[in-house]
Amino acid sequence: MRRLVPALLALVLAATACGSEQPAAPQTEAKTLTVFAAASLTESFGALGKQFEAKNPGVTVKFSFEGSSALVQKLTQGAKADVFASADQANMDKATKGEVIDGQPSVFATNRLAIAVGKGNPKGIKGLADLAKDGLTVVVCAPQVPCGSAAKKVQQSSGVTLKPASEEQDVKSVLAKVQSGDADAGLVYVTDATSAATKVDKVDFPESAGAINNYPIAVVKGAPQAALAKQFTDFILSAEGKQELAKVGFGAP
């Protein structure tokens, strides 16, 4: 009997220890949200993506930043994404017509053009008309890209005709040529010039008011993460989203 007592005591202690163990916390399911967004949204959406991840443990936001027209082409050719954010209404309309958008897009911001020049503005550019002067290397976006469409509009409304050295496929490519010194000036968005303030100077011009771009966002039809996509678009449209966008100069819808 004496031999049984220690054994019974050990069993009781083991049972007590097992009973005191806390149940394991449920693991958060890992999810990836794929967002196709206009190149001009790189900095703002990058910051907002990190904020969204912090609010949704287990979620990773994967961005593809390109010209809006290129993104629409990818979507209509079957590329998988959850969210599409365009730099103009025209390309969102193309996506809607191509039946790759689920529901009604919502405008979350506006943007306008500015002139990006080298630091210190070595060519002394003061306005749009200066870009038509001889001896300047000027770059713009291609006409099918939102920033190129806006550039075309301001030229038509102002009567200023530019002779660009190149037409780039997205606004970041225009900015890169100014930063590298390959171009003296480029027509970019206010937001891009502001985001690159340590590398370029920004010259505002009044004619840009005639080509304000609306930025719409929508859930992609057949989105692998449809519910999460709706949460992300709501976040972009929220006061918190607008506050982040305003930091680099995006206007309210």
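**Contacts, cores, rings and helices**

User: Which residues does Leu 187 touch, not counting residues up to four places away in sequence?

Analyst: With residues up to four places away in sequence left out, Leu 187 touches Ala 114, Ile 115, Leu 128, Leu 131, Val 139, Val 140, Ala 151, Leu 162, Val 174 and Phe 205, where contact means heavy atoms within 4.5 Å. The model is predicted, with local features needing pLDDT of at least 70, side-chain atom pairs counting only at pLDDT 80 or more, and totals for chains, interfaces and linings using all residues. Residues are numbered from 1 along each chain as its sequence is written, and side-chain values use heavy atoms, with hydrogens and water left out.

User: What makes a set of residues a nonpolar core, and which members of the largest one touch the most others?

Analyst: A nonpolar core is a set of buried Ala, Val, Leu, Ile, Met, Phe, Trp, Tyr and Cys residues joined through side-chain atoms within 4.5 Å, buried being under 20% relative accessible area, exposed over 50% and partly exposed in between (1.4 Å probe, protein chains only). The largest such core has 62 residues, and those touching the most other members are Leu 41, Phe 45, Phe 108, Ile 115, Leu 131, Leu 187 and Phe 232. Its largest share, 5 residues, comes from helix α8 (residues 226-237); helices (H or I, at least four residues) and strands (E, at least two) are DSSP runs numbered from the N terminus. At least three residues of this core come from each of domain 1 (31-109 + 214-247) and domain 2 (111-210), with bounds taken from an automatic or database domain assignment. A second, separate core has 12 residues, among them Leu 71, Ala 81, Ala 95 and Val 100.

User: How do you know that Thr 191 is buried rather than exposed?

Analyst: Thr 191, found in helix α7 (residues 190-195), has a relative accessibility of 1% and therefore counts as buried. Setting aside residues up to four places away in sequence, Thr 191 touches Ser 40, Asn 111, Val 248, Gly 249 and Phe 250. Across the protein chain, 45% of the 253 residues count as buried.

User: Why is the pair of Phe 52 and Phe 232 called edge-to-face?

Analyst: A pair of aromatic rings is described by the distance of the centres and the angle of the planes. Rings of Phe, Tyr and Trp (its six-membered ring) pair if their centres lie within 6.5 Å, and planes under 30 degrees apart count as stacked, over 60 as edge-to-face and the rest as tilted. The structure holds 10 aromatic pairs. For Phe 52 and Phe 232 the centres are 5.3 Å apart and the planes stand at 85 degrees, so the pair is edge-to-face. Phe 52 lies in helix α2 (residues 42-55) and Phe 232 in helix α8, so parts 180 residues apart in sequence are tied together. Both Phe 52 and Phe 232 are buried.

User: What makes the pair of Tyr 189 and Tyr 215 edge-to-face?

Analyst: Their ring centres are 6.1 Å apart and their planes meet at 70 degrees, so this pair is edge-to-face. Tyr 189 belongs to strand β8 (residues 185-189) and Tyr 215 to strand β10 (residues 213-220), so the pair ties together parts that are 26 residues apart in sequence. Tyr 189 and Tyr 215 are both buried.

User: Why are α8 and α9 called oblique?

Analyst: Angles under 35 degrees count as roughly parallel, over 145 as roughly antiparallel, 65 to 115 as roughly perpendicular and the rest as oblique. Axes are lines fitted to C-alpha atoms, for helices over the stretch in contact, with angles from 0 to 180 degrees between N-to-C directions. Helix α8 and helix α9 (residues 239-246) pack at about 60 degrees with their axes 4 Å apart, and α8 and α9 are therefore oblique to each other. In this packing, Phe 235, Ile 236 and Leu 237 of α8 meet Ala 239, Glu 240, Gly 241, Lys 242 and Leu 245 of α9.

User: At what angle do the axes of α3 and α4 cross?

Analyst: The axes of helix α3 (residues 68-76) and helix α4 (residues 89-97) come within 9 Å and cross at roughly 5 degrees, which makes α3 roughly parallel to α4. Here Ser 68, Ser 69 and Val 72 in α3 meet Asn 91, Lys 94 and Ala 95 in α4. Gln 73 is also found in α3, and at 47% relative accessibility Gln 73 counts as partly exposed.
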